[in-house]
Amino acid sequence: MTLIESMPFIMLAPLIGSGFVALLPGRSWPWAISTLACLFSAIIAGAVLAETMGGTTMSYPFGDWPPPIGIEYRVDAANAFVAFLVAAMAAVTLLWAPKSVALEVQGRHGTFYALFLLVVAGLLGITLTGDAFNVFVFLEISSLASYALIAYGRDRRALLAAFRYLIMGTVGATFFLIGIAFLYMVTGTLNMADLAERLPALSDNNAVRAALAFIVVGMGLKLALLPLHLWLPNAYAYAPNFVTIFLAGTATKVALYVMVRFAFTVFGPDYSFVVLPLSTVLMVLALAGMFAGSWVAMFQIHLKRMLAYSSVAQVGYMVLGVSLATVTGLTAAFLHLFNHALIKTALFMAVGCVMYRTGSAKLDDLRGLGRQMPWTLTAFALAGLSIIGVPTTVGFISKWYLVLASIEAGAWWLVVFLLITSLMALYYIWRVIETAWFSPRPDGAAEVREAPLALLVPTWFVVALNFYFGLDTRLTVGAASAAAEALLGGGGSLP
Amino acid sequence: MSWLPQFSPLTVVLIPFAGAVAIAFAAGSTPWIQRLSWLTSGLFLFAVWGLAGPALSGEAIEQSVWEILPGMTIGFAIEPLGLLFALLASTLWILATPYAIGYMTHGGYANLGRFFACYAIALGAAAGIAFADNLLTMFIFYEILSVSTYPLVAHDGSEKSKRGARTYLVLLLLTSICFWLPAMIWTWAAAGTVTFTPGGILADQVSPATGAALLVLFMFGTGKAALMPFHRWLPAAMVAPTPVSALLHAVAVVKAGVFVTLKLAIYIFGLDYLKTLATTDFMLYVATFTMLVASLVAMHQDNLKARLAYSTVSQLSYIVVGALLASPLAAIGGGMHMLMHGFGKITLFFCAGAIYLASKKTKISEMNGLGRKMPVTMTAFFVGALCVIGLPPTGGLWSKWHLVSGAYDSGHAIVLTAFLISTILNIAYLLPPVLRAFLKPLPAGQQPGIKEAPWLCVVPLSLTALGTLVLFFLAQSAFEVMASIFSGGLS
């Protein structure tokens, strides 16, 4: 079986696995099979990424129906990078899962992990496919499964959060569908590469303009770009920790990928950024998101909500890179997409460890916890350095490229904004560290033990990755710039 | 020094870090902390001097440790200025070790393990700054230095020292992140490199306006050089125990600041390019202003350590002025002043600490007649003061000599005048404590028990005072080492 033939199994492994896992009894088997499925797809995704980083585009026609008639999996460095991120993060977060899920989810775990694998399969399907309608199908698969997963949260507010996300997510998906329908109406095709060929002739068409607007807004919702972010904080805050960790690391990233794919490959940068003022719109929203997200995060008393708002800000960083519409800008966006997944996963894992022991993620309940859970809170502090952007962490590499892209684009004033929001990150991370290490434990507070190794080891593994990829950037920068080249360098056109 | 073993620069930098880890593990046992401190500082001294021999004989010592981004490495390279800084820091560390041990144990301080571990980390970071081959490496160690000294400043844990330490950390971090970091990335974007190169890397790479802006960003970004208005952290840091003020806030930290400005002037901008920039004069006048105003403020401080702190702010600006005059002679004078002021100021701080330890006195107005009780300490204070003022027979004479000549050469009459006024001010604030101590009688009704501080404190301060006298005769070799920067490599 060649690599191209095994490529669909990146998505199929979790999809098939989920049907199988749903039937399994007990708790450990579902987990083990899920982990195997995700590892399997991560390995293939890694191989595909290695292949596409050289600039090749891989295409697999489903059922041997040649595109543009049949559905095609079309993978270049951009989606291989995202697919690898999703599959690998799924595998890594699963390592963290069993203890925490055992505490938060009652009864057998087959259904829970089956839903999780559905989300993974959906996200992977979105990234790999070269068919616009297929994107919508997988979007719905992953979204519906993630609403259910969020509703698993022990807090009753999780139900409301899931319902809110359902409404907003459905609006987003519908907008996306309307956008695709417009495109289909004027071009008669759904294959992205084919669309890219036909659209330039239709640049005066109002339906095409509307299509771009609908798609960008629809994906903006899934991406939690300010002001469409309202579903995110509660969904992240009340979902089971394991779900939060995975969604925070991957779900919004995939939405960003779709937005970028449509803006750059399908519509083409000349249309999206020159004919239409997408650049300005995205830049304004990105800056607003960076500011508002960081600002609100500074005053949250619930750690998971704080990190959720910080995610809104970080999404702003990525969109800022996209809005510059240069190779460096896109590289920065893809870099941060990967790096932020590592940072947020590590942070949420550390908070998850705290919640596992104390059952609370309120800032006040963290007082003096530093001495009782030193490993957990050191992990949090180190991951915090990464989100601030201290040298030798991945956060620094992201910001370095963002600043570089801003200066190259002549927009040096963006640097000021980047600095201010970094300082705001410094503040909200420092607040936690100060509370945990420099405040006394309140009288009468229960003695808390360090988190179990089953949680600590994966947490520290991700923290170590934060530093490893902060020093060895060959993979990340190489893949991110290959992705940017693929999107801007005409890598999306038919071979 | 060629008989000493030669290590790679990375190893030299890592010695104090390894020592810090060992000290942290031995934190329970005071004797072991002391032994390990001796061992680390001794090894470090040998390692740095071991590098000096080959480097001075013209061998190029470079080491690329790791490539972070394409073309951007963590790397080290030994050049004359950095070597001088490392020699200064390592030599004074071994002298400060007995002093710190004596001061901290006799002063009844707790948490000695944390103290000596952070002390060692700070010295390792200083070595990293000294040997850094490019701006990024330097930036990383610069930040390590800021953060590792925070627990030292806040050491006694009181509300006052926590507040001082917060001012300290926030100012240093803010300036470096808000000014230096963007300037560095801007340089990278424009010149494609941030490696220190003789003659500079910015000439012809950026527009005049950009170059001018970069200079301002870099100079204010180097908060450790304490240019006004970002100097407040230094007086705030004086809440620290005196060994910290002495070695770190008279030598390692502040000298790291001025060392960075000298490196920037010589290796990033290049002196010839510096001359053409629109903001050079502006920054020069900021430094001159700092020099004079800090001296005036120092005159009004009754607290001895506060007076010394403002004196440091003023003296640091001498070196910044030396860098910005854009004349090789002034830059050499600046480099030499780094050395001379290091020895002189550490002596003064050692004395201030010894006085506090022996008599619990912190104010100058209480020092009447102290010279009779503590003759060694006050004599050392006098010698240290002479060195900071720049009078013979101390090394301070030569550094100021070259600074003044450099100012004359480049025709900056204002700076020349400022140097002269400042010297008078130096005399006016540094000699009164000595005069009080020796010439005024002891006030009646004093506790009679005041005598010299423990020998662990007195011996180091005598040695550093002696050092300033020795430097008077050795100044020429320091000059030649520095001069080799401008004559193409070490001869």
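Predicted model: local features only at pLDDT ≥ 70, side-chain atom pairs only at ≥ 80, totals over all residues.
Confidence comes first. For the complex, the predictor gives a pTM of 0.83 and an ipTM of 0.72. The average pLDDT of chain A is 88, and 99% of the residues score at least 70. In chain B the average is 85, with 98% of the residues scoring at least 70. Within chain A, the element with the highest mean pLDDT, 93, is helix α5 (residues 110-128), whereas helix α12 (residues 269-275) has the lowest, 82. Residues 490-495 of chain A have a pLDDT that stays under 50, and for this stretch the model has 13 contacts beyond four places in sequence.

The overall form of chain A can be considered next. Chain A contains 20 helices and 2 strands. Its C-alpha trace spans about 70 × 55 × 40 Å along the principal axes. A compact globule of 495 residues would have a radius of gyration near 23 Å, and the 21 Å of chain A agrees with that expectation. Of the 495 residues in chain A, 62% are buried. Contacts in chain A also reach across the sequence: of those with a separation of 6 or more, 80% join residues 24 or more positions apart.

The two chains meet through 13 residues of chain A, which are in contact with 14 residues of chain B. On the side of chain A that touches chain B, helices α17 (394-408) and α18 (413-438) of chain A each supply at least two residues. The largest share of that side, 5 residues, is contributed by α17(A).

Within chain B, one pair of helices illustrates the packing. Two packed helices are described by the angle between their axes and the distance between the axes. Helix α5 (residues 135-153) of chain B packs against helix α9 (residues 242-269) of chain B at an angle of about 160 degrees, and their axes are 12 Å apart. Because angles over 145 degrees count as roughly antiparallel, α5(B) is roughly antiparallel to α9(B). The crossing in which α5(B) passes α9(B) is left-handed. From α5(B), the contact is made by Met138(B), Tyr142(B), Leu145(B), Thr149(B), Leu152(B) and Val153(B). From α9(B), the residues that make the contact are Val244(B), Leu248(B), Val253(B), Ala256(B) and Val260(B).

Leu183(A) belongs to helix α7 (residues 157-187) of chain A. Leu183(A) counts as buried because 30 C-beta neighbours lie inside 10 Å, where the cut-off for burial is 20 or more. Not counting residues up to four places away in sequence, Leu183(A) touches Ala132(A), Leu195(A) and Ala211(A).

Leu15(A) is placed in helix α2 (residues 9-23) of chain A. With 21 other C-beta atoms within 10 Å, Leu15(A) is buried. Its C-alpha atom is separated by 10.0 Å from that of Phe116(A), 101 residues apart along the chain. Tyr468(A), in helix α19 (residues 453-471) of chain A, is partly exposed, with 15 other C-beta atoms within 10 Å. Tyr468(A) and Glu104(A), 364 residues apart in sequence, are 32 Å apart in space, C-alpha to C-alpha.

Several loops carry backbone features of note. In chain A, the peptide bond from Leu226(A) to Pro227(A) is cis, with omega near 5 degrees. Pro227(A) lies in the loop between α9 (206-223) and α10 (232-238) of chain A. Chain B has a cis peptide bond from Met228(B) to Pro229(B), with omega near 5 degrees. Pro229(B) is located in the loop between α7 (208-221) and α8 (233-236) of chain B.

Positive phi values are found in loops of chain B. Asp204(B), a residue other than glycine, has a phi near 70 degrees, and its loop lies between α6 (159-191) and α7 of chain B. Asp204(B) counts as exposed, with 9 C-beta neighbours inside 10 Å. Lys360(B), also other than glycine, has a positive phi near 60 degrees. The loop that holds Lys360(B) is between α13 (328-359) and α14 (370-373) of chain B. Lys360(B) is exposed, with 10 other C-beta atoms within 10 Å.

Key
Residues numbered from 1 in each chain as written. Chains lettered and ligands numbered in written order. pLDDT = per-residue confidence, 0-100. Helix = DSSP H or I, 4+ residues; strand = E, 2+ residues; numbered from the N terminus. Contact = placed C-beta atoms within 7 Å. Rg over C-alpha atoms; globule rule 2.2 N^0.38 Å. Buried ≥ 20, exposed ≤ 12 C-beta atoms within 10 Å, placed from the backbone. Axes fitted to C-alpha atoms, helices over the stretch in contact; angles between N-to-C directions. Parallel < 35°, antiparallel > 145°, perpendicular 65-115°, else oblique. Left-handed = near helix turned anticlockwise from the far one by under 90°.
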